[in-house]
Amino acid sequence: MNGVHDMGGMHGMGPIEHEKDEPVFHEWWEGRIYALTRVVRAGGGRQNLDNSRYRLERLPPAEYLRMSYYERWAARLVNQLIENGVATREEIESGTPAPGSPKATPALTAAMVPDVVTRRNSTRRDAAVSPRFKVGQRVRARNINPTGHTRLPRYARGKAGVVVRDHGVFLFPDTNAEFLGEKPQHVYSVRFAARELWGAQASSRDFIHLDLWDDYLDRA
Amino acid sequence: MADDDPVGRRGFLKSAAATAASMAAGTNVGHAHEHHDHDHDHQAVPSDLNLRVKALESLLVEKGLVDRAALDAIVDTYETKIGPRNGARVVARAWVDPAYKKRLMTDATAAIAELGYTGGQGEDMVVLENTPKIHNLVVCTLCSCYPWPILGLPPVWYKSAPYRSRAVIDPRGVLREFGLQLPDDVEVRVWDSTAEVRYLVLPERPAGTEQMTEEQLAGLVTRDSMVGVANVAVTGATP
């Protein structure tokens, strides 16, 4: 979707605020929201990483820009719990389960955490899918504007570049985000000249690399 | 936002988002927007958010979905165990051990796992080597993709709109803002983490460190140098 999350190339966002000796979490609640999200994620059900990103993208644009990073995570978690029927808005506001609501057993205990944080959970797929492109080939990113989730940023659409690496086969986020199938396909590192993306104002010695799926690309 | 909104998808999402917005703003849903014309910084977040997240945590614990000790363990992991020191050890090893560096450049995921670093958001690693003529810079313009097992959770600036918007259109300007002025003849390679591959910059080993041990070298390597917004300096290292 052409949302405000797709920020590459935008102007007017202000200076970069680099904080010296920055803590991992600035407030107690930030760590809790991060951990709650990881725990709920470990519980399985109707969710995946792409769907999770898509949830952030669907926050109202003004809210997305106003919120801090972990405020977005809080909003996403609340939306997810309500939409998946895990909790009602009333329960979330009150902090108390509705009378007679079922009681589960935690899917993740403290003893499991060291394993969970070091476990690989790759979206790479061991599928026999032929690459459509090879290293060194010129490609053009498709000019697509899907209303759903996509990982092809606007700034690269319609632009030509060169395949510099074939990363192998991964599931396809555009369909995976909406539980429409994994559609495994090759992902390539594609190198774009900054001038191809931004015109003559860019340095001729700058290059931008994007990781792009087969379905995002045509021959150039 | 009233509770009797239409149940259509948009209305539903809007209600849910407004609930979250009220959670974030620490105020009633209907007044969620009255407090938002301030400059946005950490101090501006009402402490009431602590109470609201506490309520959410209690609810999920009561429902049997969450074990509080697991939350503590996750927070502790990223506050004290998984962070940029991991990546610094990878870099230092690559500086002192040419065979390791070769493995790191060919199969970064395996070479990093040799040092014991694996896990979510680091499943498929690629290492980018800085040279006197090439400078690499990593960004995620679409969200906040970052190699957790070796750098920990990303700093605020990495996840912020200013960095995400400008790293791809004005990388040299961004680097100047971080205090790094690159000569014109250096090629800048920006890597937008649009897929599940995660990038680690292998900074140049600074001159004058020939006598240093691997451990001492690791002490010089900063998080910023492994994202590509800084070079490694012998003194005056910052996180």
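These questions and answers concern a predicted model with chains A and B. Residues are numbered from 1 along each chain as its sequence is written, and chains are lettered from A in the order in which they are written. Local features need pLDDT of at least 70, side-chain atom pairs count only at pLDDT 80 or more, and totals for chains, interfaces and linings use all residues.

Reader: How many residues does each chain bring to the contact?
Author: Two residues are in contact if their C-beta atoms, placed from the backbone, lie within 7 Å. By that rule, the contact takes 78 residues from chain B and 88 residues from chain A.

Reader: How do the residues on the chain B side divide into nonpolar, polar and charged?
Author: Ala, Val, Leu, Ile, Met, Phe, Trp, Tyr, Cys and Pro count as nonpolar, Asp, Glu, Lys and Arg as charged, and the others, Gly among them, as polar. The side of chain B that touches chain A has 44 nonpolar, 18 polar and 16 charged residues.

Reader: Which residue of β3(B) stands opposite A:Phe207?
Author: Strand β4 (residues 206-213) of chain A and β3(B) run parallel, joined by five bridges. β3(B) is also joined to β2(B) by six bridges, again parallel, and there B:Val188 is the bridge partner of B:His135. Opposite A:Phe207 stands B:Arg189.

Reader: How many residues of α4(B) are buried?
Author: A residue is buried if 20 or more other C-beta atoms lie within 10 Å of its own, exposed if 12 or fewer, and partly exposed in between, with C-beta atoms placed from the backbone. Helix α4 of chain B covers residues 84-96, and its buried residues include B:Ala88, B:Val91 and B:Trp95. The buried count is 11 of 13.

Reader: Which residues does B:Val221 contact, leaving aside its neighbours within four places in sequence?
Author: B:Val221 is among the residues with the most contacts inside the largest nonpolar core, as is B:Val91. With those neighbours set aside, its contacts are B:Ala88, B:Val91, B:Ala92, B:Pro203, B:Met226 and B:Val232.

Note on methods:
Pairing = 2+ DSSP bridges. Helix = DSSP H or I, 4+ residues; strand = E, 2+ residues; numbered from the N terminus. Expected span 1.5 Å × (residues − 1). Core = buried A, V, L, I, M, F, W, Y, C linked by C-beta atoms within 7 Å.
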